[in-house]
Amino acid sequence: MRLTVNGTEHVLDLDPRTTLLDALREHLGLTGAKKGCDHGQCGACTVLLDGRRVNSCLLLAIAHQDSHVTTIEGLDGHPVQRGFLEHDGFQCGYCTPGQICSAVGMLDEVDRGWPSAAADDDPLSDAEIRERMSGNLCRCGAYPHMVPAIRQAAGR
Ligand code: FES
Ligand code: FES
């Protein structure tokens with residue numbers, strides 16, 4: 001199968017049941033995306049698929065050969081990453097790659113006018129950011145610092 005990740009096309013000989021997360025971590029050595037629950041519940045495995053945030057543990061790699069995958073390794077220096085660094089948006093860091101990928105996808109959803117998640121007029125209010133990021137769990141509870149990090153990345 002072919003997989004295009006962070007702008008590079010790879011040819012892999014994998015079991016067709018291989019998830020996108022396992023293809024990235026076990027076969028391409030891209031270990032930024034984490035396997036937290038492996039059941040679509042924690043968001044640690046979040047990557048961008050053609051710019052849309054997805055849980056890579058729930059997707060079969062072979063089904064996405066024509067898509068462009070972006071992982072945390074492909075977001076080096078992104079404003080969201082800088083925001084997390086400047087606002088201390090993490091503690092142990094385990095959830096952080098997924099949080100950052102998710103925030104990048106979320107800000108794109110806001111730009112494209114996706115409807116409010118928390119019924120707030122301001123798409124970047126604290127409540128909106130928290131609701132829109134609610135698919136990404138953080139066992140360290142670093143949420144309060146992630147909110148300003150994301151708002152900073154949005155230029156607010
Ligand atoms: S590892 Fe994919 S959602 Fe938890
Ligand atoms: S920073 Fe530790 S799980 Fe989120």
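This is a predicted model: local features need pLDDT of at least 70, side-chain atom pairs count only at pLDDT 80 or more; totals for chains, interfaces and linings use all residues.
The protein chain comes to five helices and five strands, and the notes below take you through them topic by topic.

**The chain as a whole**

- Along the sequence, the elements of the protein chain follow the pattern β-β-α-β-β-β-α-α-α-α.
- The radius of gyration is 15 Å, close to the 15 Å that the globule rule gives for 156 residues, so the protein chain is as compact as a globular protein of that length.
- Taken along the principal axes, the box filled by the C-alpha atoms is roughly 45 × 30 × 30 Å.
- Of the 156 residues in the protein chain, 45% are buried.
- Among contacts with a separation of 6 or more, 57% come from residues 24 or more positions apart.
- The protein chain exposes about 7800 Å², and carbon and sulfur atoms supply 49% of that area.

**The sheet**

- Strands of a sheet pair through backbone hydrogen bonds, either parallel or antiparallel.
- Here, five strands make an open sheet with mixed pairing, in the order β2-β1-β5-β3-β4.
- The edges are taken by β2 (8-11) and β4 (52-55); each has a single partner strand, so one side of each is left without a neighbour in the sheet.
- On average, and with direction ignored, neighbouring strands of this sheet are turned by 40° against each other.
- Strand β3 (residues 46-49) and β4 run antiparallel and are joined by four bridges.
- Within this pair of strands, threonine 46 is found opposite asparagine 55 in β4.
- Helix α3 (residues 96-111) packs on the sheet and touches β3 and β4, and its direction makes about 40° with that of β3.

**Threonine 70, a residue of the sheet**

- Threonine 70 belongs to strand β5 (residues 68-70).
- Is threonine 70 buried, partly exposed or exposed? Its relative accessibility is 23%, so threonine 70 counts as partly exposed.
- Leaving aside residues up to four places away in sequence, threonine 70 touches Asn6, Val47, Leu48 and Leu75.
- Histidine 145 lies 75 residues from threonine 70 along the chain, and 24 Å separates the C-alpha atoms of the two.

- Helix α5 spans residues 143-153, and its residues Met146, Val147, Ala149, Ile150 and Arg151 are buried.
- Just after α5 comes glycine 155, with a positive phi of about 80°.

**Salt bridges**

- How many salt bridges are there? The count comes to nine.
- One of them joins aspartate 126 and arginine 151, whose closest N and O atoms are 2.1 Å apart.
- This pair links distant parts of the chain, with aspartate 126 in helix α4 and arginine 151 in helix α5, 25 residues apart.
- Aspartate 126 is partly exposed, with a relative accessible area of 40%, whereas arginine 151 is among the buried residues of helix α5.
- The opening pair, arginine 132 and glutamate 128, sits in helix α4; the two are four residues apart, about one turn of the helix.
- Another salt bridge brings together the side chains of arginine 17 and aspartate 15, at 2.6 Å from N to O.
- Arginine 17 is exposed, with a relative accessible area of 67%, while aspartate 15 counts as partly exposed at 34% relative accessibility.

Methods
Residues are numbered from 1 along each chain as its sequence is written. Chains are lettered from A and ligands numbered from 1 in the order in which they are written. Side-chain values use heavy atoms; hydrogens and water are left out. Two strands pair if DSSP finds at least two bridges between them. Axes are lines fitted to C-alpha atoms, for helices over the stretch in contact, and angles run from 0 to 180 degrees between N-to-C directions. Contact means heavy atoms within 4.5 Å. Buried means under 20% relative accessible area, exposed over 50%, partly exposed in between (1.4 Å probe, protein chains only). The radius of gyration is taken over C-alpha atoms; the globule rule is 2.2 Å times the number of residues to the power 0.38. Accessible areas come from the Shrake-Rupley method with a 1.4 Å probe; for residues, only the protein chains shown count as cover. A salt bridge is a side-chain nitrogen of Lys or Arg within 4 Å of a carboxyl oxygen of Asp or Glu.
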